[in-house]
There are 2 protein chains.
Amino acid sequence: MLMDLSQAKRVVDDALSACHTLIVVGDCSVRYHGRAASKLASGERIIIVKSDGSFLVHQNKGMAAINYQPPKNNRISTELSTNTLIIKAMRRSPKEILEVIFTSVLFAQAFPMRDDSSLKVFGTEKNLADLLMQDLELIEPGLRPLKQESPLQKGMIDIFARDRDGKNVIIELKRRTAGLSSVTQLKRYVDEVDQRIGQETRGILCAPSITPNALKSLEKWGLEFVRLDFEVSNPSAKIKGLQPKQKGMGEFL
Amino acid sequence: MLMDLSQAKRVVDDALSACHTLIVVGDCSVRYHGRAASKLASGERIIIVKSDGSFLVHQNKGMAAINYQPPKNNRISTELSTNTLIIKAMRRSPKEILEVIFTSVLFAQAFPMRDDSSLKVFGTEKNLADLLMQDLELIEPGLRPLKQESPLQKGMIDIFARDRDGKNVIIELKRRTAGLSSVTQLKRYVDEVDQRIGQETRGILCAPSITPNALKSLEKWGLEFVRLDFEVSNPSAKIKGLQPKQKGMGEFL
DNA sequence: GCGATCAGCGGCACG
DNA sequence: CGTGCCGTTGATCGC
């Protein structure tokens, strides 16, 4: 089950020069120094080096790689000493170094990995915005869309609209429970538009749910929350239902 | 180079029942339906199934898995039909299903993956807070620490302190460039403390740098920025230097 | 379990 | 490049 380290080095070097995807499994320790620094004592891990230079170290637990190197400006090299095979990934800007020191290699192989497909995702915030743009009446009667992804100095408005009274409405969309940051984000947009246009602007936070704290802040600032239920299906996302919530119930301290 | 699909299924099933870590490489398409939905047409990918149920699909590019299933409440099953081997990962709460349909398998193997080590990271925000707590004079003469990680209704204050004039000071720490959200976060804390204590509270944003927009907002609200340079070394993080920046230079509109 | 925040966040899009 | 922000964010910690 064990692989000779020099043979492993050959496999690794060949994979790197051929720009193939490399998988190595073995006992290793890991050192990282860059934006932060880390040490990982020895254990059996999976290392993946992709053709674009992405470098991953996976433990047997968790979704996220325990150590890694992002795919750009990443030079990978190997070193063989008596008892260890070191695979090093160096990156500049920011200067970072990742070093995987193998004491034993169980498996090492290169794969060409032909793949021309890219992922199609449905149910993103952008999808929801597209849907809502087609029927803002779902949120409120008389609400008409003006602009999607309207650029502001301090961010981007998801949907800019006008209500039945001709008042400007900023809609901030969230695909999941809105928290404090969503509220401050909306507040920031409303403030900037208020100040630029010089007239009262409404702000509506549109999300499947909102945390209690976020709701309190929202109401304190005179913003509104509209509950949005959506459902993802395979060729698109659908809006299941909208439940307006009365505003201004909180005490304006 | 090709592997019989029924043989691959055996390897996969054995790995799952033994709770080993599984690696499969082959030509597959992927379907996902859950919090969002996605489709990925056929191509060669690496699939990793970890002992805790983490399920990863990696293309030959990029650091992040293109499709995945998080490590909990995740039931994995296999199906063999005439031309395909399907590996399914089903999860409840939220209900999500990930389906990988292999038309050919180049490699499939289980690894026991003994690993008892956990990552030690240095240079985290918590590290910096610990360091600063030991010498707040670095930020400003006479500044004395009161409490670290002081819980607030709307979040957690990194460092709560008192300045030479006896005024309360809230310090928000960032390990990288502070943006608008960092400023609104600090503002939120200062507002809450102002309101609860009923006396003027200073807010200091401490980060290696700050974006222009964030600085403008900061100054508009009368908050302060202190530049913090730190350096990570292997057994700890060090503070390299601190450069106070004069406040209140912006026009208070 | 929810809530809030950090993360070596990664990734994308825009200026 | 930086700035801002979404993400099937994940991971952690407190309640």
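Q: Contact means heavy atoms within 4.5 Å; with that settled, what covers the buried residues of helix 4 of chain A?

A: The cover includes helix 3 (180-197), strand 12 (201-207) and strand 13 (224-232) of chain A. Helices (H or I, at least four residues) and strands (E, at least two) are DSSP runs, numbered from the N terminus. This is a predicted model, in which local features need pLDDT of at least 70, side-chain atom pairs count only at pLDDT 80 or more, and totals for chains, interfaces and linings use all residues. Residues are numbered from 1 along each chain as its sequence is written, chains are lettered from A and ligands numbered from 1 in the order in which they are written, and side-chain values use heavy atoms, with hydrogens and water left out.

Q: Which residues of that helix are buried?

A: In helix 4 (residues 212-220) of chain A, the buried residues are A:A214, A:L215, A:S217, A:L218 and A:E219. Buried means under 20% relative accessible area, exposed over 50% and partly exposed in between, with a 1.4 Å probe and protein chains only. Just after this helix, A:G222 has a positive phi of about 75°.

Q: What percentage of chain A is made up of buried residues?

A: Buried residues account for 52% of the 253 residues in chain A. Among contacts between residues at least 6 apart in sequence, 49% join residues at least 24 apart.

Q: How is chain B superposed on chain A?

A: A rotation of 180° with 0.0 Å of shift along its axis superposes chain B on chain A, with an RMSD of 0.1 Å. That is the relation of a two-fold axis. The same surface serves both copies, as 100% of the contact residues of chain B recur in chain A.

Q: Where is the cis peptide bond in chain A?

A: A cis bond joins A:S93 and A:P94, with omega about -5°. A:P94 is placed in the loop between strand 6 (85-91) and strand 7 (96-111) of chain A. In chain B, a cis bond joins B:S93 and B:P94, again with omega about -5°.

Q: And which residue of chain B other than glycine has a positive phi?

A: B:M113 has a positive phi of about 55°, and its place is in the loop between strand 7 and strand 8 (120-122) of chain B. At 1% relative accessibility, B:M113 counts as buried. In chain A, A:E149 has a phi near 50° and is found in strand 9 (residues 144-152); at 35% relative accessibility, A:E149 counts as partly exposed. Most residues other than glycine have a negative phi.

Q: One last point: what does A:V11 touch?

A: Not counting residues up to four places away in sequence, A:V11 touches A:M3, A:L22, A:A108, A:Q109 and A:A110. A:V11 lies in helix 1 (residues 5-18) of chain A. The C-alpha atoms of A:V11 and A:L22, eleven residues apart along the chain, are separated by 8.6 Å.

Note on methods: Contact = heavy atoms within 4.5 Å. Least-squares fit on C-alpha atoms with pLDDT ≥ 70 in both.
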